[in-house]
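Thanks for coming, everyone. I have one model to walk through today.

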Amino acid sequence: STILMKKTLLCMNDGATLGCVEELPKVKVTVLEKEMLIEIHCEKQRQSMLKIILLLNNLHLSITSSSVLPFGTSTLKITIIAQVQNILFFKVI
């Protein structure tokens with residue numbers, strides 16, 4: 001099965017101001033048994049891959065392969081193959 005999440009408009013209200021920005025990355029996840037192919041297009045940011053690795057670890061996913069390619073001057077294309085560590089704890093968000 002495949003899950004696709006497109007860029008979304010994120011709006012925040014801190015009480016004094018209301019701001020909307022296009023913040024969230026485009027994510028595509030393909031699941032085959034206990035393996036996942038995760039494709040992410042996101043804005044270049046410091047430590048992007050570290051944040052993704054920590055998130056996947058919190059979801060009980062073990063990275064078996066990954067690549068990070070620059071696309072243009074401000075975008076990254078990240079591809080990850082991960083395995084579910086323990087199927088009992090796996091949740092789809």
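Accessible areas here come from the Shrake-Rupley method with a 1.4 Å probe, and for residues only the protein chains shown count as cover. On that basis the protein chain has an accessible surface of about 7100 Å². Carbon and sulfur atoms hold 59% of that surface.

Now the ground rules. This is a predicted model: local features need pLDDT of at least 70, side-chain atom pairs count only at pLDDT 80 or more, and totals for chains, interfaces and linings use all residues. Residues are numbered from 1 along each chain as its sequence is written, and side-chain values use heavy atoms, with hydrogens and water left out.

Next, the fold. The protein chain has 1 helix and 7 strands; these are DSSP runs, H or I of at least four residues for helices, E of at least two for strands, numbered from the N terminus. The order is β-β-β-β-β-α-β-β.

What share of the 93 residues is buried? It is 18%, where buried means under 20% relative accessible area, exposed over 50%, and partly exposed in between (1.4 Å probe, protein chains only).

T79 is buried, at 19% relative accessible area. Its side chain makes a polar contact of 3.4 Å with the side chain of K77. A polar contact is a pair of N or O atoms within 3.5 Å; within protein, one must be able to donate a hydrogen and the other to accept it, and residues adjacent in sequence count only if both atoms are side-chain atoms.
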